[in-house]
Amino acid sequence: MPAWVGRRMPRREDAELLTGRGRFIGDLGRSGMVHAVFLRSPYPHARIVSIDASRALAMPGVRAVLTGADLPEDLGAQPNTHLFGERETPYFALARERARYAGEPVAVIVADSQYLAEDARDEVIVDWEPLPSVGDADRALADDAPLVYGDRDWPDNVAATFEQEMGDVDSAFDEADVVVTERYRIQRQFGCSLETRGVLAEWDENVDELTLWTSSQIVHIARDLLAAVLGLPEHRIRVLVPRIGGGFGAKFHFYPEETAVALAARATGRPVRWVEDRMESFLATVHAREQRVEISMAAREDGTITAVKGDLVGDMGAALHTVGYGPLWLTAVMITNVYEIPNARVRARAVVTNKTPLGSFRGWGQPQANFVVERTVDRLARELGMDRADLRRRNFIPPERLPRKSLHHTLDSGDYPRCLDRALELLDERGWRERQHELRDEGRHVGIGISFYTENSALGPSRMLNQGGVQQGGYDIARVRVEPGGEVTLYTGLCEMGQGVTNALSQVCADNLGVHPEKIKVVTGDTSQVPYTGYGTGASRGAAVGGAAVMRASRKVREKVMRIAGHMLEANPDDLEAEDGMIFVRGTPTAAVTMGDVGRAAYLRAIELPEGEDPGLEAIEAFDPPQFAWPYGANIAVVEVDVDTGEVSFLDYIYVHDCGTIVNPMIVEGQIMGAVAQGIGAALFESLPYDEEGQPLFGTFMEYVLPTAAELPRLVMEHQHTPSPNIPGGMKGVGEAGTIGSPAAVVAAIEDALAPYGVRINETPVTPSAILAMVGEREVTPA
Amino acid sequence: MKPPRFEYAAPGSVDEAIEILRDAPEESTLLAGGQSLVPLLNMRMAQPRVVIDLNRVSGLDAVERTPDGRIRLGAMVRQRRLETDPVVRDELPLIAEAARHIAHVPIRTRGTVGGSLAHADPAAELPATVAALGGRLLVRGPNGDRAVPATEFFVGALTTAIEPGELLTAIEIEPPREGAGWAFGEVARTHGAFALAGAAAVLQVGDAGQIASARLALLGVGSAPYVPEWLEEMAVGEAPDEPLFRRIGARVVDEIAPLDDIHASADYRRRVAAVLTARALRDAANRSNGRGSG
């Protein structure tokens, strides 16, 4: 019987983190360590005519200045592992010859302190020749646009065009009773962590081996990519990940600074550390989200959606980073959301601009897909005069028809109507539909917004990834070892970045091995110790794929534990049970041995082992999911808008969802709250605007507005449980879920609140200034 | 984000600080709470030769009543104290209220009254609030002390009437008359962020129900706090009602010239200035002489 899975348990690292004792890159030191800072391009696009570092190098305490010209001739370009058929956009640890975005690293300066390194940076003289540049995807698509890769003979700024279709879209539109078309703009946002990125590199010259500490979600991938770039065998590089203060996908990437700091350590013969400062983080860490989408939906008069088509433009910035245009691709193929729409067609163009490269951020392309689909469903409901929830219910894939293939993926399991209905029930229990009318009569502007999402979790079948062009696996491998004393060490390639995955894995291991979770130590973030993980810590894989691998390894060890214990107890292993570190004959708890007894037998007292049993007590097992797992849920936001100031405040927020088997509800709830906060950030606050030429109009937290606790609603949350048929244990991922449906629900609520003004909000973030501009342009229509 | 090299001085008295300032008045910077200066240093936007730390200067952190009935706040009084000090709360509740809107508690715990006033950020709460209260700022230099009315002190964005070689030692504010109402309101993107616009008002309703006195200052709508000098003429003797407050708001809009930035358009700031003006005057009127519920 599961004892630990499903249980609320505080995370074991909380005390350490909350009392400031966690050790991050910025806390690490090595004997003789020196400090690196980066000189970055101030121009969106410029040729580097020359760099004169002589004055910097003459300063006391300065160890080295490396520029693009100092890079080894055979150094590889920074790799992209998501090859979906695109033009190459090579970029290096340091810009060679030209910089294509403001913030691109141009030189690394190494000195005895960060102060000295920054002083020296001010003395490095770069002779720039500014080039024409473009800061907007629409402009980049114009015929006379400056070319980001004109030097590579690109005829335009389109790095890739992806198209996919199912059914007969044109006929469906021809035959439709109603067609709605909308254009949306989704802004740049990024995975802004409490801890910025950091790297510490140390070479052992005797054996030509590199140790690299990095704030990364992809410990093995980082090692392998670094090996490829440097031309070293993988086993000559050891990558370690200490505590990470938030990843959110931004740390799922392999960055130029990781290569450059490794090279700087080799050049200086010293351990070199670089910690990204807050200001450079806004330019140096991958951005995310920015798209403009035109979407059309065709429907019959009864509300049946018959077709959808989308034309997407992703503003990829100056290069395709580690995950290529993966998020844009995911937006495109999620265009049918949870609806049974037989005909769908998408075209997505990945457009390069002179801006920071786009990459991963919690949700990947799914928040964009959800926003454009859900907002358009609302529009369709208005057009048809139907209730928004009824229209959704009518088009949900019904439970009995799951699993079902949509445009690209196969949605696995669940009961969407039941989930939405429960959320609406809560809305009514809390009286909001009635109160909305009352408050409107009082002249207040209260709105309710609904959205429904599913999440692409538990990525993913390795073969499917490889077929799609991903040069990584989708499996996870876990190693479980019972030590001689009976304690357990669990090794995972997943990284702990504050999401609590090590706790969840302990709970899974505890149940499947028969020990208390506190007896389990989880080792992460060291390529010399932990098993390989196919994809890294992202794509909401931890609990589902990692959990299943842990389950398998734990069970394998348990089988051996039972054989040994059976021998010791002179009982049939099939008659034994293990719980809390005790192995006993079912129904006779006095006939028992401890996990320590078994451990000692396995390692120290082979005399107690059954004949033919090998010593040792550990197992390593992989799990490669046969399919993704698809959690889903409803967001309902209730907001009030002050039409005199444009301020939006939350009156309520209902979140009902299903992520299969829940390992630890506290962690799940925390994940959802944090992700909804980021979704609200997308809807109302966060933005990284550029001018037409690609000059950033942001640089600090004064421009990049993050919501604080004061702006956020208290979530009313309920869990439903449909175990995934694809994952042993039934877990589905949940880490990204909250980001996906929240922007649509919040914006829908604002639009509903402003219904008397008939506004239509197709752009985020919805700022007070934007609200007043919309309200002001229209007369109040009598209710 | 590390500052360039600078000399550091930590005087123990105001006169000693002025002595140090005298050596290099143009190349020295005063460090109070450091909530603006330290980021500027770290960003290398400020590169002073000498940083004069006022945190060990004695006598600048008192809240006291002057013999002539004013409240005197030393320049090094921490902003957090404005919320908790009984004298400020009783005599200058408008300041106590405005202080709640300055950033966050940890920042207010370091940040000082004098630092905020001398920095003169156009979106800061204290300059406009002191202007609404008709306060005066005490500045000391090599030639002794002088008092500058708030309306003359704030010259422009990040620019004050403090001359090189001088430092701000205190502000003095005459408490509004018994029965005067007050209000402070602002709009910001998030709690604790710089205001997009804000308004501080002090208003007294006379026994006959007409406005007896009114003062108003706005923040975030120009390079310095905007104080409508025409307000008394327009408001005194009038009934404190919504139409009047809206007319005042409309006139404010005509007089200000806010700027666009990435957070809000100039038009937005104008419209919100009118709204905040009307709301602040209304709330102040409601607080006056126990009128309304406040």
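The structure is a predicted model, in which local features need pLDDT of at least 70 and side-chain atom pairs count only at pLDDT 80 or more, whereas totals for chains, interfaces and linings use all residues. Residues are numbered from 1 along each chain as its sequence is written, and chains are lettered from A, with ligands numbered from 1, in the order in which they are written.

Ala629(A) is placed in the loop between strand 25 (618–623) and strand 26 of chain A, strands being DSSP runs of E of at least two residues and helices runs of H or I of at least four, numbered from the N terminus. Ala629(A) is buried, because 31 other C-beta atoms lie within 10 Å (20 or more are required, with C-beta atoms placed from the backbone). The C-alpha atoms of Ala629(A) and Pro728(A), 99 residues apart along the chain, are separated by 11 Å.

Strand 26 (residues 632–642) of chain A runs antiparallel to strand 27 (residues 647–658) of chain A, to which 11 bridges join it (pairing requires at least two DSSP bridges), and Tyr632(A) stands opposite Asp658(A) in strand 27 of chain A. Both strands belong to an open sheet of 4 strands in chain A, ordered 18-26-27-28 with mixed pairing. Strand 18 (445–454) and strand 28 (716–720) of chain A each have a single partner strand, so one side of each is left without a neighbour in the sheet.

Conventions:
Buried ≥ 20, exposed ≤ 12 C-beta atoms within 10 Å, placed from the backbone.
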